Amino acid sequence: MRIDILTIFPEFFSVLDVSLVGKARASGLIALSVHDLRDFTHDRHRTVDDTPYGGGAGMVMKPEPWGEALDSILADAVVETTVVFPSPAGERFTQATARELALSPHLVFGCGRYEGIDQRVIDHTRTRANVREISLGDYVLNGGEVAAMAMIEAIGRLVPGMVGNPESLTEESHEDGLLEYPSYTKPSAWRGLEVPPVLLSGNHAKIAQWRHAQQVERTERVRPDLLPG
Ligand code: ADE
């Protein structure tokens with residue numbers, strides 16, 4: 001998978017070299033490039049924003065640097081590309097979104113700042129690539145960088161070959177629409193707290209049953225919105 005990131009803060013993404021995404025890059029599973037949007041400006045101040053038409057607070061990102069940057073990234077793209085614009089006004093990012101995007105051979109993340117990117121950039125990009133405006137959640141960040149990083153981590157671990165034990169992918173929160181069951185390891189007693197005895201029973205059917213019941217109980221209590229009906 002190829003990933004291109006467009007941002008005015010390339011240094012944000014240096015953390016992607018640690019952890020699983022770093023390993024995927026090192027092994028060649030993911031080819032990731034970070035591009036500085038200011039490299040596509042032509043004025044002395046490397047201006048990327050301007051005041052909004054119609055008035056209002058804040059600044060809007062100018063279309064020209066975005067247009068040139070996307071021209072250059074999309075020009076040598078040989079496969080179908082999906083351009084993701086992280087935005088609090090986008091569709092909600094879920095595990096299902098991560099699974100869909102993990103199938104894409106080429107992802108571009110366009111990280112906006114300020115009050116957003118001139119809408120024509122998004123509309124024009126739709127004429128030459130798949131475009132998704134995606135929100136990490138119902139809160140406002142200062143820009144798309146942190147959202148892009150979260151999405152790249154969620155997507156990256158679903159790329160085939162990425163996670164050591166594929167079972168750990170299917171058994172975790174959200175993969176089956178329920179929250180994960182609680183986990184325990186040795187010692188069996190710690191600070192007066194015992195591991196639930198069923199987990200020490202060796203009865204795999206009973207353990208599976210108990211874990212599922214825990215998932216349902218936890219989901220009803222913490223995230224009833226995830227349950228049908
Ligand atoms: N940019 C600012 N807020 C955001 C959010 N909640 N999700 C994605 N991108 C954002």
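Phe109 touches Ile5, Leu6, Val84, Pro86 and Ala148, leaving aside residues up to four places away in sequence. Two residues touch, or are in contact, if their C-beta atoms, placed from the backbone, lie within 7 Å. This is a predicted model, in which local features need pLDDT of at least 70, side-chain atom pairs count only at pLDDT 80 or more, and totals for chains, interfaces and linings use all residues. Residues are numbered from 1 along each chain as its sequence is written.

**Confidence**

- The protein has a mean pLDDT of 93, and 97% of its residues reach 70 or more; pLDDT is the predictor's confidence in each residue, from 0 to 100.
- The scores of the model are ipTM 0.97 and pTM 0.93.

**Nonpolar core**

- Phe109 is also among the residues with the most contacts inside the largest nonpolar core, together with Val84, Ala148, Met151 and Ile152.
- This core has 40 residues; a nonpolar core is a set of buried Ala, Val, Leu, Ile, Met, Phe, Trp, Tyr and Cys residues joined through C-beta atoms within 7 Å.
- Elements that give two or more residues to this core include strand 1 (2-7), helix 1 (19-26), strand 5 (81-92), strand 6 (106-110) and helix 5 (144-156).
- Helix 5 provides the largest share of the core, six residues.
- Helices (H or I, at least four residues) and strands (E, at least two) are DSSP runs, numbered from the N terminus.
- In soluble globular proteins, nonpolar side chains tend to be buried together.

**Ligand and binding site**

- The residues around the ligand include Pro86, Ser87, Pro88, Tyr139, Leu141 and Ala147; a residue counts as near a molecule if its C-beta atom, placed from the backbone, lies within 6 Å of it.
- Strand 5 gives the most to this shell, three residues, and helix 5 supplies at least two.
- An unreviewed UniProt entry places the feature "binding site" at Gly112, Leu136, Gly137, Asp138, Tyr139, Val140 and Leu141; UniProt positions are given in the numbering used here, feature names are shortened, and annotations may be inferred rather than shown by experiment.
- Tyr139 lies in the loop between strand 7 (130-135) and helix 5, and Leu141 also lies in the loop between strand 7 and helix 5.
- Tyr139 is exposed because 7 other C-beta atoms lie within 10 Å, whereas Leu141, with 16, is partly exposed.
- A residue is buried if 20 or more other C-beta atoms lie within 10 Å of its own, exposed if 12 or fewer, and partly exposed in between, with C-beta atoms placed from the backbone.
- Leu141 touches Val146 and Ala147, again not counting residues up to four places away in sequence.

**Domains and distances**

- The protein is divided into domain 1 (2-164) and domain 2 (171-226); the bounds come from an automatic or database domain assignment.
- The centres of the two domains, taken over C-alpha atoms, are 36 Å apart.
- Leu141 and Trp210 are 69 residues apart in sequence, and 39 Å separate their C-alpha atoms.
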